Amino acid sequence: MKKAFKFILNTIPRPILIRLSIVVRPILAFLLKGNRFTDPIDGKSFRMFLPYGYGTQRNNVLSPSTLSLERHRLLWLYLQNETDFFTSKEKKKVLHFAPEQEFYKRFKKQTNIDYITTDLLSPLADVKADICNLPFEDNSYDIIFCNHVLEHIPDDTKAMQELYRVLKPGGMGIFQIPQDLSRATTFSDDSIVDQKERAKIFGQYDHVRVYGRDYFDKLRSIGFKVVEEDYTNKISADLVEKYCLAKGEIIPICFK
């Protein structure tokens, strides 16, 4: 199964995968029913989660029902337990880059947010746009989600500046990235062109860098006030295991 999933991820373009997953997801959820692991996004439980990874595959990380990964479930729990994202009576404008399937329909149904999605390629994007040259006015959005996007962007400084520009003063942005916390500084090397080698080194063939601990300071240099939220330390060990979270993953909570 791991080899099959790795082959699929590395050969089928992401927009096609998104469309195919709509058909495959309910079949997987039915076949893997159980009670060992639970997806907190929809509350469904399974005997196992699926493996995932473009390079090294991780076991029990991909939820069969929502297709969420560790980072998605962690973000959901944070929004649900620590913010008023789902309950605020004041309507907020939300901008979501490269919207994840597990969030898209749920956020679209929320009556307390004005929800706009954007991306260059995603079939779920309302607005096709380049993150380095956004077609939105200054100080437009109360909340911005831009998760696992910046590692794909050659000029991430310009992208961060655009995120800062369109976020309202007092607004919140959550900009998750794949991060190697053992690295003090971010690593990139454009001379590596072989896709298999890039997947091995960067975690995915289309990533242009591996972020280190200096990621948070780079966001601060743009102007953001950054909270490095180690939310798995606020959740019991039993729930970290039950929800298949990545212990120690940091959520970058950014304020303007």
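Buried means under 20% relative accessible area, exposed means over 50%, and partly exposed lies in between, with a 1.4 Å probe and protein chains only. At 17% relative accessibility, His148 therefore counts as buried.

## Basis of the model

This is a predicted model: local features need pLDDT of at least 70, side-chain atom pairs count only at pLDDT 80 or more, and totals for chains, interfaces and linings use all residues. Residues are numbered from 1 along each chain as its sequence is written, and side-chain values use heavy atoms, with hydrogens and water left out.

Helices (H or I, at least four residues) and strands (E, at least two) are DSSP runs, numbered from the N terminus.

## The sheet

Seven strands make an open sheet with mixed pairing. Their order is β7-β6-β5-β8-β9-β11-β10. Two strands pair if DSSP finds at least two bridges between them. At the edges are β7 (127-128) and β10 (225-229), each pairing on one side only.

Strand β9 pairs with β11 (residues 251-255) in the antiparallel sense, over three bridges. Gly173 stands opposite Cys254 of β11.

## His96 in strand β5

His96 belongs to strand β5. At 1% relative accessibility, His96 counts as buried. Contact means heavy atoms within 4.5 Å. Leaving aside neighbours within four places in sequence, His96 is in contact with Phe103, Phe107, Tyr115, Ile116, Thr117, Thr118 and Phe145.

## Aromatic pairs

A pair of aromatic rings is described by the distance of the centres and the angle of the planes. Rings of Phe, Tyr and Trp (its six-membered ring) pair if their centres lie within 6.5 Å; planes under 30 degrees apart count as stacked, over 60 as edge-to-face and the rest as tilted. The structure holds 19 such pairs. Tyr104 and Tyr115 form a tilted one, 6.5 Å centre to centre with 55° between the planes. This pair links distant parts of the chain: Tyr104 is in helix α4 (residues 101-109) and Tyr115 in strand β6 (residues 113-119), 11 residues apart. Both Tyr104 and Tyr115 are buried.

Phe187 and Phe202 are stacked, at 5.8 Å centre to centre and 15° between the planes. They too link distant parts of the chain, 15 residues apart: Phe187 is in the loop between β9 (167-174) and α6, and Phe202 is in helix α6. Phe187 is partly exposed, with a relative accessible area of 27%. Phe202 is buried, at 5%. Elsewhere, ring pairs link Trp76, Phe85, Phe86, Phe103, Tyr104, Phe107, Tyr115 and Phe145 into a cluster.

## Charges over rings

A charge sits over a ring if NZ of Lys or CZ of Arg is within 6 Å of the ring centre and within 35 degrees of the ring normal. Lys93 lies over the face of Tyr141, 4.9 Å from the ring centre. The charged end of Lys256 sits over the ring of Tyr164, at 4.7 Å from its centre.

## Nonpolar cores

In soluble globular proteins, nonpolar side chains tend to be buried together. A nonpolar core is a set of buried Ala, Val, Leu, Ile, Met, Phe, Trp, Tyr and Cys residues joined through side-chain atoms within 4.5 Å. The largest core has 29 residues, of which Ile131 and Leu150 touch the most other members. Strands β5 (92-97) and β8 (141-145) and helices α5 (156-166) and α7 each supply at least two residues of this core.

Not counting residues up to four places away in sequence, Ile131 touches Phe97, Cys146, Val149, Leu150, Ile153, Ala159, Glu162 and Leu163. A second, separate core has 26 residues, including Leu77, Phe107, Met172 and Tyr243.

## Positive phi values

Most residues other than glycine have a negative phi, and most peptide bonds are trans. Asn60 has a positive phi near 50°. This residue lies in strand β4 (residues 58-62). At 22% relative accessibility, Asn60 counts as partly exposed.

His148 also has a positive phi, about 55°, although it is not a glycine. His148 lies in the loop between β8 and α5.

## Gln204

Gln204 is in the loop between α6 (195-202) and α7 (215-222). Gln204 is buried, with a relative accessible area of 8%. Its side chain joins that of Asp206 in a polar contact of 2.9 Å. A polar contact is a pair of N or O atoms within 3.5 Å; within protein, one must be able to donate a hydrogen and the other to accept it, and residues adjacent in sequence count only if both atoms are side-chain atoms.

Gln204 and Tyr54 are 150 residues apart in sequence. In space they are 5.3 Å apart, C-alpha to C-alpha.
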